[in-house]
Amino acid sequence: LAPWVPVVGLEIHAQISSNSKLFSGSQVQFAAPPNSLVSFFDASLPGTLPVLNRRCVEAAVMTGLALNCSINKKSLFDRKHYFYADLPAGYQITQQRVPVAVNGSLSYSLCIDNKMSQMVTKTVRIKQIQLEQDSGKSLHDDTRSQTLVDLNRAGVGLMEVVMEPDMCCGEEAAAAVRELQLILQTLGSSQAVMAEGQLRVDANVSVHHPGEPYGVRTEVKNINSIRFLAKAIDYEIQRQIEELESGGTILNETRAFDSKLGCTVPMRDKEGKQDYRFMPEPNLPPLILYDAKSLPANMNHQQVINIDWIHERLPDLPSVKRKKLVEQYGILPEHSFTLLNEDGLAEFFESVVKQTQMKPKKVIGWILKDLLSYLKQHSLTVKESPVSSFLLADLLNLLEKKEISSTAAKQVLAELWKGEGKTPLEIVKEQKLELLQDQKELEQICQAVIDGHKNE
Amino acid sequence: AMLRASLRQVSAALKEGRVTPTELCQRCLALIKSTKFLNAYITVAEETALKQAEESEERYKRGQPLGILDGIPIAVKDNFSTAGIETTCASNMLKGYISPYNATVVQKLLDQGAVLLGKTNLDEFAMGSGSTDGVFGPVRNPWSYSKQYKEKSVPKSHSEDEESNWVITGGSSGGSAAAVSSFTCFAALGSDTGGSTRNPAAHCGVVGLKPTYGLISRHGLIPLVNSMDVPGILTRCVDDAAVLLGSLAGHDPKDSTTIQDGFKPFELPNLTDVSKLSVGIPKEYHAPGLSSEILALWSKAADLFKNAGAKVVEVSLPHTPYSIVCYHVLCAAEVASNMARFDGLEYGHRSDMKDSTESMYAATRREGFNDVVRGRILSGNYFLLKQNYEKYFVKAQKVRRLIANDFVKVFRSGVDILLTPTTLSDAAPYTEFIQEDNRTRSAQDDILTQAANMAGLPAINVPTALSERGLPVGLQFIGRSFQEKQLLTVAKWFEKQVQFPVIQLEEVKRHDADVFQHQKSASFS
């Protein structure tokens, strides 16, 4: 059987973290009462006009720079038309002709064969990043044959990040999205929490034989977590292969991932190809961005966005942070991945290192094995840990000074998890876990044992 | 004589206490009632207007009027959003729609103490050149009932009366033009996308100003073509238009297409010497169908400038013949887009059809829109289809650039201002006008006004003379971008030269005759 080459591309919508929406002043807030965050513009009242939110543009520029994109100094807004209950104006304002950022790349890492010790770095090209409006939400109430529309989300700013089909499987896609998520959270341009709909991923999947042209692709939607992303993609790849090997064809269709059944199914709503009748948005002039060179002297700097200024103030990206952790503390690269993967863990680690004499290379084991596994077992975040960095450092100091054995240390840690407020030293004393250092005392104990067994 | 005074004159009278805001408001409301047959108003906001007048009166009593517009009755075209007052766009789609906010221009007027009498009639969604295609019926040109027209009109048979002889106002801001023309208000807001302020101004014998695109905020103006729409100003004289312009122009953060630079209101100088002026006569504006009457008047006007010492030159705007077709493509495309929001869900008319969302949309839009609107939506969507976009929309945008460049070239060659006719003929009788469909009429009537919208330039209609039928004919001046001061200065000079006659309306005479004895306004004759 000829081998199959799966091809995976991604369209990611990240909700911009901002106080107000992309083109209107209404607030952005998760889970507010229905239709309580809707301005006249969001409701598409006739006569209302869009006004661009500066913060949203800055978020897109930051993200573009972090993804090594070229920032277009002039970008344009367009209208994309279709009728749907959650799209009050009958069109979405987006950037179809010239988006704000293009031609970037994202590097991400994978473990080979599930071995953390063997990591490989891959790159996916970023085709573009465009600013666009989010739609509202519609809830279908089939029993009463009605649709309930909530416009709170209508008009919230989105960055659509398009990743070229450079990935080959669910694992790669998941790793790429995970890295993107970390970058967005580091920048603060999006909180990127998938469960809250702040990060939505659609996958484009196709398969072909090596040397042949790409196959027909399907679009997979309705993926609610990174884990499901990998599952959905791998399922779809398998489905396509089986379909083609049994003589069938792949339809260029949109499919939804059913997380309960673990498979993709055709989506009822999408019939045929839509012509969106793109048209320039006449109420928004072209978006002009400046850099240090092109910035006019007498320009009011409140009125303009300076790309270089933003570049200078970008925080350390995850890849840089990891490198620094490895260099500074001598830990392994895969350790740095785990540290950054868990919100607050890297800070916890560094805090412990500061407060203990134990070498970071040893501390890391306690963090990644003992602390992290406990947290995972009890579904706790680092913030919720009953053992603070202070307490853990305290314990590690006892171990380092050889006042207790490592077995005893684990026992103490188990006790500390209970969060009863006792210090490590108190627990050691309570449970008599001290290591005996006194030679004479040790001899006496041994002698007593031997004496106890004289008769044997 | 108070009702027939200019805005500046009546403002002075208010200041001097010769008339009070409530008296003025009541007179206007009474005149609106007795001229109801004109059908100029869709909504008369009697209660709120009187309240505004009372508040104005309080301010005058305290000696603290807000400015020249305080207490002045004005009317607003029914496609501007007015909080608490119905905004219908003369369409079933928005019957009963009450906006929760004021358009910026409305807010500005109210903030300066103006008294909002009501919303005026128009073609549905401002699509038309007759003000005949709205759901509330056509607007009648007040000149139909003027002594001047009646004297000249020859009834076709004995049984014919003025009922069937009345002429249209032009459009689409016909209600506003009629309101100003019949003295029920001292100024009115219209809108101008292809000539919709200047056209009815010409037919109704009033001043109609189309400002430069981007000078006055469109926030709250229900759009026809976002890239061409401007709020229009209709007044009795050019000085009044300058006053309105001064109170409305300037950057609006709510409208991203308004200019950033500060705008300084100006007083119009009394130009006496035109020898430094260069007036261009674009030869392409001698359009097919231009009546010999208007051609003669245009020529006479050119001579007027020449004899006064101005330089008058023939110029060419070679792409003028293409502007109508180009306009129709761009207008239809934007209409298709702008009307997409009318789906019956959030506001406005919603059909009873419940079979599915799609069928509800379709029924709502069929019930809510007239043929004209639906026709433009269908053609607009056609032009925007992926396979047609380059051929129609992009092509039209390119032609638009050429049209705008024509003007740039001419203004760069030393010409200060262009003089053209505003309309092809005087106002047609209604029965004759409706013989042709809306699209045909628009194509004919927009031809002289529409290029200024394509290029975003300021233009003004100045009433010039009466036609043989006793109806108003106006001429148009087109100026450089943002050079309204120069445009209006020249227009004012011209207005003074031609001394356009006052309309002789029976109803107005009756209302105005009831004048306070101590009012001997020597300044007005």
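Axes are lines fitted to C-alpha atoms, for helices over the stretch in contact, and angles run from 0 to 180 degrees between N-to-C directions. The model to which this applies is predicted.

**Exercise 1.** Classify the packing of helix H2 (residues 170–187) of chain A against helix H3 (residues 226–245) of chain A.

*Solution.* Step 1: the two axes come within 8 Å and cross at roughly 150°. Step 2: an angle over 145 degrees counts as roughly antiparallel, and H2(A) is therefore roughly antiparallel to H3(A). Step 3: the crossing of H2(A) past H3(A) is right-handed. Step 4: on H2(A), the contact involves Gly170(A), Glu171(A), Ala173(A), Ala174(A), Val177(A), Arg178(A) and Gln181(A); on H3(A), the partners are Ile226(A), Leu229(A), Ala230(A), Ile233(A) and Asp234(A). Step 5: the contact of H2(A) with H3(A) comprises seven nonpolar, two polar and three charged residues.

**Exercise 2.** Describe the second largest pocket: its volume, its lining residues closest to the centre and the elements that supply the lining.

*Solution.* Step 1: the volume is about 2,000 Å³. Step 2: 49 residues line this pocket, and Leu284(A), Pro285(A), Pro286(A), Ser256(B) and Thr257(B) are the closest to its centre. Step 3: elements that each supply at least two lining residues include helix H1 (54–66) of chain A and helix H14 (386–412) of chain B. Step 4: H14(B) provides the largest share, seven residues. Step 5: the lining consists of 26 nonpolar, 14 polar and nine charged residues.

**Exercise 3.** Characterise the largest cavity by volume and lining.

*Solution.* Step 1: the structure holds six cavities of 30 Å³ or more, and the largest cavity has a volume of about 170 Å³. Step 2: its lining has 17 residues, with Asp42(A), Pro88(A), Ala89(A), Tyr91(A) and Gln133(A) nearest the centre. Step 3: strand S5 (residues 91–94) of chain A gives the largest share of this lining, three residues. Step 4: the classes are seven nonpolar, six polar and four charged.

Methods
Residues are numbered from 1 along each chain as its sequence is written. Chains are lettered from A and ligands numbered from 1 in the order in which they are written. This is a predicted model: local features need pLDDT of at least 70, side-chain atom pairs count only at pLDDT 80 or more; totals for chains, interfaces and linings use all residues. Side-chain values use heavy atoms; hydrogens and water are left out. Helices (H or I, at least four residues) and strands (E, at least two) are DSSP runs, numbered from the N terminus. Angles under 35 degrees count as roughly parallel, over 145 as roughly antiparallel, 65 to 115 as roughly perpendicular and the rest as oblique. A crossing is left-handed if the near helix is turned anticlockwise from the far one by less than a right angle, and right-handed if clockwise. Contact means heavy atoms within 4.5 Å. Ala, Val, Leu, Ile, Met, Phe, Trp, Tyr, Cys and Pro count as nonpolar, Asp, Glu, Lys and Arg as charged, and the others, Gly among them, as polar. On a 1 Å grid over the protein atoms alone, a cavity is a set of points where a 1.4 Å probe fits but cannot get out, and a pocket is an open set with protein on both sides within 12 Å along at least five of seven lines; lining residues have an atom within 4 Å of a point. Grid points are joined across faces, edges and corners, and a volume is the space filled by probe spheres set on the points.
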